[in-house]
Amino acid sequence: MLLRAYASGVFPMSEDAEDPEVFWVRPEKRGIIPLDDFHIPRSLRKTIRQNKFEIKIDSDFVSVIDGCASGTGDRSRTWINKPIRDAYINLFHLGHCHTVEAWRDDQLVGGLYGVTLGRAFFGESMFSRERDASKVCLAYLVSHLKRQGFVLLDTQFTTPHLERYGAVEIERKDYEKLLENALKSSAVF
């Protein structure tokens, strides 16, 4: 059901971690990061060159989604409830959900996760326990998606934080055209 929802431009949310209900969202305006227009601020370029973090893919999905759901850092609340957590863990085991993780001294210090379908990556959430950890993961994700032939990075909504990296808001009809194109063929994450 989740994959069909993504293919039609819909994604799940809940009010908060304690809410057992899930509702479906199909916004009038959609956030995306055009892969060719991704911007890495100078300070983040410096951090990346310093190799502060070991970047891994799909090595600890449960810890990443738990980090995203922890409600720490800039967010005191999370929308990731138990049904959503369980559904994405299942998608991970089916090969449709992936992580990019930042590790330091064998500790997970940041990461992000999202869903893949066709040549689209649907970003779900990110977290950081160390400065710039999730930002480095985002930069790695964009580079990885481009190498693998992905054409759409869906952020669902835009935020001032994501806008610093090139996120833009587009009309639903324009998003649906991009999505349709991304679903015509597939890429391996």
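Predicted model: local features only at pLDDT ≥ 70, side-chain atom pairs only at ≥ 80, totals over all residues.
## Lining of the largest cavity

Helices (H or I, at least four residues) and strands (E, at least two) are DSSP runs, numbered from the N terminus. The lining consists of Ser8, Gly9, Arg26, Pro27, Arg30, Arg172, Tyr175 and Glu176, of which 2 are nonpolar, 2 polar and 4 charged.

The volume of this cavity is about 30 Å³, and the whole structure holds 1 cavity of 30 Å³ or more. A cavity is a set of points, on a 1 Å grid over the protein atoms alone, where a 1.4 Å probe fits but cannot get out; lining residues have an atom within 4 Å of a point.

Of the 8 residues in strand E5 (residues 97-104), 7 are buried (under 20% relative accessible area, 1.4 Å probe, protein chains only). E5 pairs (at least two DSSP bridges) in the antiparallel sense with strand E4 (residues 54-57) over 4 bridges, where Ile55 stands opposite Ala102.

Strand E6 (residues 107-117) is also antiparallel to E5, joined by 8 bridges. Arg104 stands opposite Gln107, and in the hairpin, with 2 residues between the strands, Asp105 takes a positive phi near 50°.

## Basis

Residues are numbered from 1 along each chain. Local features need pLDDT of at least 70 and side-chain atom pairs pLDDT 80 or more, while totals for chains, interfaces and linings use all residues, and side-chain values use heavy atoms, without hydrogens and water.

Definitions and conventions:
Buried < 20%, exposed > 50% of the residue type's maximum accessible area, 1.4 Å probe, protein only. 1 Å grid on protein atoms, 1.4 Å probe; cavity = no way out; pocket = protein on both sides within 12 Å on 5 of 7 lines; lining within 4 Å. Points joined across faces, edges and corners; volume = space filled by probe spheres on them. Nonpolar A, V, L, I, M, F, W, Y, C, P; charged D, E, K, R; others polar.
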